[in-house]
Amino acid sequence: MPAPAPDAKLGRARPRDGGWRLRLALAGARATTLASRLLGRGGGTAAPGVVAERIDPGALRKLGAALTGGSLVVGGTNGKTTTAHMVATILDRAGRRVVHNRSGSNLVRGVIAALAAQSSLNGVPRGEVGVIEADEAALPAIVAGLRPRFILFNNLFRDQLDRYGELDHVARRWREAVAGLDGDTTLLVNADDPTLVGVVDRAGHRDRPGGPCVRFFGLGVAVEGAGADSAILLDALPHAADAAVCPRCGARLAYRALYLSHLGDWYCPACGHARPPLDVTARDIRLEGVTALSLTIEGSWAVGGGPRAGRRRATKRRSRGRADASPLAPQPAARCPRPTAFTVHVPLPGLYNAYNTLAAATAALAFGATPAQIADGLRGFTAAFGRIERVRVRDREIVLALVKNPTGFNEVLRMLAGGREAGLAVPALLAINDLDADGRDVSWLWDVDFEILAAGDAPLHTAGLRGPDMAVRLKYAGVDPARIVPHAPNDLRAALLDFVRAAPAGSTLYVLPTYTAMLDIRRHLADLGAVRNFWQK
Amino acid sequence: MPHARPTLRIGYLYGVEMNIYGDRGNIIALSQRCRWRDIAVEIDLVGIGDPLRPAYHDLYFFGGGQDKEQIAVAADLAGDKGKILREAVEEGATALTICGGYQLFGHHYRPHNGPELPGIGIFDITSEAGPDRFIGNSVLELPDGELVGFENHSALTFLGPGCESLGRVVIGAGNNGRDGSGGAKYKHAYGSYLHGSLLPKNPWFADRLIVEALARRHGPVELAPLPDNLELAAHRRPPAQLTH
């Protein structure tokens, strides 16, 4: 493969020289941040990005090129914040300096703002590695600008369709984005998701000379016999899953094992297409209730980037010898398969977090992290904002879990019910809003399998702007109306107070809010005396 | 109520292929509201390539789907199924169609690019891709009540003289955002762009469909009233919230 001169390529400009335009853009971003702080608007994460992009339309490309260790873009409808956060934590603890859009601002301007805030005014970043979470719709633009070293495709579940358009549309745009990549990028793909395999199908360097390298990860769970795990295997596609069709021929797919939504060990009975062989596999998954999980990661490939990863090693490092001493310095044998198996423990619950863990470990391996570094980073991991938190309020323990789309909601219910058929054992408050950040259309509640809650006798409180819709959904799921406690749609604080008071001291409660309801509830919990710093990093 | 326990036979058209935006909530609402009244329900999921038994079902439901599925479904309807459905509606069967299903019950849907999708012509309507997407809460006013739901479509649908509008648009865009018409109706077939799901929050309309559908084989039926307080609370959302 003829390798073009690195610096002649778009997106591979010399790190330190972003030019006067970039310097001006960064100064503009800095001034905007300062101004919004002075005006007391504090949290505005995108405005500096808007300013920087307007001054220098090439800002994203230049800021990305200045990251000498390359960057990772994390895409997917579910779990991208958690996954990106895990990768950043692992690399950070391993001594890599990471630039990360932590605030969850994952549109193009948010990414520019995050990178600008973490660079000097000359465009020199305060880190060597970028870990960037990308909104589904913004991913193609972020990838085109950033030219990342790795892209992690985590999953594509039906999300807030009013915001993104249909799933097919997102997949098509990702495919177009992948078609524009070359061998400088390695794609890390969840092979259990047939839609994602379709996104990268025949786009890799084996089918398209000069194309990106593709690595697959997935679950390896025993389907029959003593090792079979019913907490992890599903009997049938949940209603929230899109009809799983073959990405090549369109026929209905079959599964040797179905794990979560439409993710599994799939194959096409019509054309023989199937889940590709896995480069990194998760085995022996153990789910420990609402608190933790462990799994074994097996890699037949460990490390190294794409077919031309070696070239990057020639890049002069600025970190004064530290890189060479770092255990993360690329190994000469990086391109050879290096079988490895190691167990990780993560203080996060649920099968969906097992997937996030596997994805993060795959990315960390790709960056050259060692199994010990990965296990260490994950052991001390704290949940990303609002994903799953436990707080103590008035002598009661509240488990708070964000719900934002059918698959996420299904998996949270599965996790809270412990995979049992007995429904929830403890009271729950379901707080559903329909503001822009939640998705304005609440039709998705009808795609969630709330029928699992019909068993059991714990009360189910409903609140939020669309609490009434939630209450109706529960009733039609077969929940005894006597268990449904509807609260007024406009007063989350009163609903939360009633909910907490109705439960005896010492008990555990579940609170399941959509995004904006969660923001409200966290504030009210703090007012009620919850330990404020509990959820802050 | 007749003495024999009546059975409602539902033909759930393309429930696997066309199942977007929670439209299956309509099937859940129909079957639960029957079960709570001791009316038996039989649901046949009719997918691509499956046979459709002529003159068998009392009620058909047909929801919305993504483009790829809608193309495959249109091809499947072009065979016997389209004819069986046309005859069924002519002979008094009830049908509820939403979004893509609504379009395919019309003459055709013309996308921006790609070939025109033929429909089965039960509704005298034509649909074409429009420049904008209509997204938001929507309310239709019918002679005997209001329907509340959520619309999300880029198609413009126009009514011909052979069918009437299901209701007048009070909030939202309706068929095309221009003429104030919302949905279509022909005999006992109804179509609209309202997701939500539509029937759970509009229990009066769900019951009307059940009554009309049962009348086909069981004659006039009077439904026992149900406690609909939760449904009505969801139905009666303050207008201020509907337009936010």
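This is a predicted model: local features need pLDDT of at least 70, side-chain atom pairs count only at pLDDT 80 or more; totals for chains, interfaces and linings use all residues.
Q: Which strands of chain B stand at the edges of the open sheet, each with a single partner strand?
A: The sheet is open and mixed in its pairing, and its 6 strands follow the order S2-S1-S3-S4-S12-S11 in chain B. On average, neighbouring strands in this sheet are turned by 15° against each other, direction ignored. Two strands have a single partner strand, so one side of each is left without a neighbour in the sheet: S2 (40-46) and S11 (184-186) of chain B.

Q: At about what angle does H1(B) run to S1(B)?
A: H1(B) lies across S1 (7-13), S2, S3 and S4 of chain B. Taken against S1(B), the helix runs at about 175°.

Q: Which element gives the most residues to the side of chain B that touches chain A?
A: Contact between the two chains involves 38 residues of chain B and 37 residues of chain A. The rule finds 12 residue pairs in polar contact across this interface, both at pLDDT 80 or more. Elements giving two or more residues on the chain B side include H2 (67-77), S7 (125-142) and S8 (145-159). The one that gives the most, with 6 residues, is H1(B).

Q: What percentage of the area buried between chain B and chain A do carbon and sulfur atoms give?
A: The residues on the chain B side divide into 13 nonpolar, 14 polar and 11 charged. The area buried between the two chains is about 3,200 Å². Of that area, carbon and sulfur atoms give 48%.

Q: Which residue of chain A meets Lys201(B) in a salt bridge?
A: Side chains of opposite charge can pair when their charged atoms come close. Between chain B and chain A the count is 4 salt bridges. In one of these pairs, Lys201(B) is joined at 2.9 Å, N to O, by Asp469(A).

Q: How many residues apart in sequence are the parts that Arg248(A) and Asp201(A) tie together?
A: Over all chains the count comes to 39 salt bridges, and the side chains of Arg248(A) and Asp201(A) form one at 2.8 Å, N to O. Arg248(A) lies in the loop between S6 (213-219) and S7 (254-260) of chain A, while Asp201(A) lies in the loop between H9 (194-200) and S6 of chain A. The pair therefore ties together parts whose separation in sequence is 47 residues.

Conventions:
Residues are numbered from 1 along each chain as its sequence is written. Chains are lettered from A and ligands numbered from 1 in the order in which they are written. Side-chain values use heavy atoms; hydrogens and water are left out. Contact means heavy atoms within 4.5 Å. Buried area is the accessible area (1.4 Å probe) that two parts lose on being put together, summed over both. A polar contact is a pair of N or O atoms within 3.5 Å; within protein, one must be able to donate a hydrogen and the other to accept it, and residues adjacent in sequence count only if both atoms are side-chain atoms. Helices (H or I, at least four residues) and strands (E, at least two) are DSSP runs, numbered from the N terminus. Ala, Val, Leu, Ile, Met, Phe, Trp, Tyr, Cys and Pro count as nonpolar, Asp, Glu, Lys and Arg as charged, and the others, Gly among them, as polar. Two strands pair if DSSP finds at least two bridges between them. Axes are lines fitted to C-alpha atoms, for helices over the stretch in contact, and angles run from 0 to 180 degrees between N-to-C directions.
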